[in-house]
Structures are given as structure tokens and as C-alpha cells.
Amino acid sequence: MTDDATTTVSVPQPKPQPKPMGLTIHHRRYALTMLFLIYMLNFVDRQIVNILAEPIKRELGLMDWQLGSLTGLSFAIFYATLALPIARWAERANRVRIVALSAITWSLFTAVCGVAQNFTQLFLARVGVGVGEAGCTPASQSLISDYTTREKRASALAFFSMGIPAGSLVGMVVGGLIADSLGWRASFALVGVPGIALGLLAYFTLPEPRNSSVAASGAQSTPSLREALGELGGKRTYIWLTVAMVAMSFGIYSNLAFQSSHFLRNHAEGLGILAARLHDLTGIQLGPTGFLGTVLGLIVGICGAAGTWLGGRATDRAVARGSLNAYATIPAAAALCMPFALFAAYLTSNTVAALCLMGLPMMLQSIYYGPIFAAVQSLVRPRTRATATAIFLFFANLIGLGLGPLSVGLISDLLARSMGSGDGIRWALISTSLVYVLAAMAFMAARKSIRQDIVS
């Protein structure tokens, strides 16, 4: 049945949820900004290893599969498994304190990465980063859903998700520049400090709206894990969106983990020429890593932010007109275009053209953030939101983040035997980009049931 059908479907309506009391518009803006900054640092610390991959590989004598495990598997193992128990805690406890303590923890372990002397030590330090970051996203998204109404939720979560491209920008630029001048170890040490300070600030200043809303409406019971799983398992839309998120995460994290390695191996001469031209024009002296980190960081940050904003804004406008299917159709269209955009960027031999062409996939891959997270938050009752996000991200991170970069690394090592390391990483990235087609198909499957499944 199409959206234009006249048959009326009776959908049980939830009781209206009380709005947070005692929070002015300025409080909410401050809270959203603070959560954005924390999420940005989340991705600075998570993604900085990508621009540092080649210096780390040379000093520690690593293979590509080991680089893939450092950027993905080491982080994802505990990030995915701890997210659920922390989310269950967040359904009952003070979410602000959970977010703040998480930020302090992952920042400390990021600094520890800088003193690692071998693969095992660096792997374990990255595990610690994942442990800290496990508490950030579910609790933050639950807070944001309490701060906003459904009609503005996609935009609010898109603003929060802009921390992903912003953090990638800062991580690549700062990491590359510090690595050029002080080495990769100093990069880890210095980017860990701001997260500690921001975590402490959030602990003492962020509002927890649940306190006032509970006081206004009476005690609210938190569903048991069994009840929450039953609620989620009965949502066909949730299942398909989880499949879509896994496929998107697999492609995105694979690409982010090795795009700098691709350019340093296949465009080293072109990068050197461009860095020399920059020096002639401005007097700024950058090495290949610093130049590439700056350029890729700007591309990921600007284009990623544009895509995130566009996806959230377009979805909110469509939902306001009654088109709930936009939560799925908008990201599906973007995902379907991704392989073609990446083929163009990775197959060109011209360095300037390759860098410019990276802008389109960076924008396309960010469009889905606002729509998919807003949909997940709207599919469940308020006291199940953190759990819904945690389970959602469990599969996305364990499979997508954990296995995506590792798979690219293994394929690259295999192909490098006959093609060389440059073409090996190029074709490993191209082959794994086909996973975006699966993501588009899953989004379209979710489209069929989303109107019936949304409850809040």
C-alpha cells in the first residue's frame, strides 16, 4: 500500500510525554552545544589514528591488518559490548554524569596511546579508548531527545552528529601537523587533554532534564531489558535500520581508516608538489603527512558537516509535511550514490582531482546521521531510548567498525603481493565500497513499515 492510500490504519497513540521543566531555550542551546563538543572530541580521539597510521606503521613495523585492527577491532570490542550495560544504567541514572565520566576516561587512554612501545600496548590503549567512549552516544542521544520535540529531533541529532565530521577534521589536521613537527606520539598526548577539561565542565554544568520531568509527572518505570528487547524485536523498521547502519558503518570506517594511506602511497609525489607550492605561496612549510591531514581534514569536516546538516534539515521538513518515510528514503538515495563517488576518487591518477573528488562521498556518507538516529529515537518509548541506541550501535560497531577496517587491511595485504602496496589498498577500498548498495536496500526495506512503527 502506498503512502497515498486512503485506508486508515489505527495506531495506538502514546500518552503525551511531559516537556522538561526548568530548561530555558538558552539552557537547551548550551546543552546541545556541549554535547556536540564532547562528541567532536570523541571522534578526534577515535579517528586521529587514521592520519597517524603510516608513521605508526613505519616505526612499529606493522602490517595493514594490524593497522586495521588498531583503527577498528581494538576499539570496537569493548565499545560495542559495554555500550548496552552503560545504556541500561543511563535509563535509570544521571545521564550527564555518565557522558562526562566517559569523556574523561577515553581522553586519558588517548594520551596513553602516545607512550605505547609495540603493537600489543597500542592495541590495549585503543581498547581503553573504546571503553571510555562506550558511554557517550546512547546517553547523549537520550538527553537530546528529552531536550527536543519529534518535529525538531532529526535536526538536533544531526547537529550532534556534526561532531563526527568536525572531530575528523580536527583529528586529521591537528594530528598531521603535530606529527610533522613533534611526531605521532605527541599527537596522541596533546589531543587527550581537552577531553578531560570538557568532561569536567559538563559534569558540573550540563542540565539533566529527567530530574524535573519526573518531578512534574511522577515516577516513571524503566522497562526491564527483557521488555526493552521485546519492544525492539517487534519493530521491523528497527531491524532493517540496524542492518543499514551496520553496512554504512562498515563502508565509512573502512574508508576513513585507510584513505590517508591510499593518498600517501599512490599520490606521494603529487602531495610533495602541492606542499611545495603551498610553501612558495604562503611560506607555510608542511610535510606530506601534515599537508594531507590538513586537506583531508578540511574536506571531511566541511563536506561532512554539509551532508549532516542537509540530511537532518531535509528530513525534518519532510516529516513536518507528514512524510515519515523520509527517515529512510533520504539516506537510501545517498547510500546508493556512494560507490560511484568513491570509484571516481580512488581511480583518478591526478592528485588535485582525487582530493577534490573526495568531497562528494564525504558529504553523501554523512546525510544519514540525522534521519537514522531520529528514527531510532522515535521508534521507542522515552525510557527505552538509550537501550535502543546501544543495541543499534552494538551491531554497527562490532561488525562495521570492528571488521570493516580489518577486512580492508587483510584484502590490501593479500593484493599487495601481486599489485604492490599502493594498488593493493586502492582496490581493497574500491571492493569494500559495494557494501553501500546493501545499506540502500536495507533503508528501503525499513521504509515500508516506519509509519506504523513510530510511537514517540
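In the predicted model, Tyr39, Phe43 and Phe160 are linked into a cluster by ring pairs, a pair being two rings of Phe, Tyr or Trp (its six-membered ring) with centres within 6.5 Å. The model is predicted, so local features were required to have pLDDT of at least 70 and side-chain atom pairs pLDDT 80 or more, whereas totals for chains, interfaces and linings use all residues. Residues are numbered from 1 along each chain as its sequence is written, and side-chain values rest on heavy atoms, with hydrogens and water left out.

Over the whole structure, the search returned 13 aromatic pairs. In one of them, the ring centres of Tyr39 and Phe43 lie 5.3 Å apart with the planes at 75°, so this pair is edge-to-face (planes over 60 degrees apart; under 30 degrees counts as stacked and the rest as tilted). Tyr39 and Phe43 are four residues apart in helix H1 (residues 25-51), which means a separation of about one helical turn; helices are DSSP runs (H or I) of at least four residues, numbered from the N terminus. Both Tyr39 and Phe43 are buried, that is, under 20% relative accessible area with a 1.4 Å probe and protein chains only (exposed is over 50%, partly exposed in between).

The pair of Tyr368 and Phe443 is also edge-to-face, with 6.5 Å from centre to centre and 65° between the planes. Tyr368 is placed in the loop between helix H17 (359-364) and helix H18 (369-378), and Phe443 in helix H21 (residues 435-447), so the pair ties together parts 75 residues apart in sequence. Tyr368 counts as buried at 3% relative accessibility, and Phe443 counts as buried at 0%.

Helix H12 (residues 236-266) and helix H20 (residues 421-432) have axes that come within 9 Å and cross at roughly 155°; axes are lines fitted to C-alpha atoms over the stretch in contact, and angles run from 0 to 180 degrees between N-to-C directions. H12 is therefore roughly antiparallel to H20 (over 145 degrees). On the H12 side the contact (heavy atoms within 4.5 Å) includes Phe250, Phe258 and Arg265, and on the H20 side Asp423, Ile425 and Leu429 are among the residues involved. By class, four nonpolar, seven polar and three charged residues make up this contact; Ala, Val, Leu, Ile, Met, Phe, Trp, Tyr, Cys and Pro count as nonpolar, Asp, Glu, Lys and Arg as charged, and the others, Gly among them, as polar.

Helix H12 also contains Gln259, which is buried at a relative accessible area of 1%. Leaving aside residues up to four places away in sequence, Gln259 touches Met172, Leu296, Val300, Tyr346, Met358 and Met362.

Conventions:
Helices (H or I, at least four residues) and strands (E, at least two) are DSSP runs, numbered from the N terminus. Angles under 35 degrees count as roughly parallel, over 145 as roughly antiparallel, 65 to 115 as roughly perpendicular and the rest as oblique.
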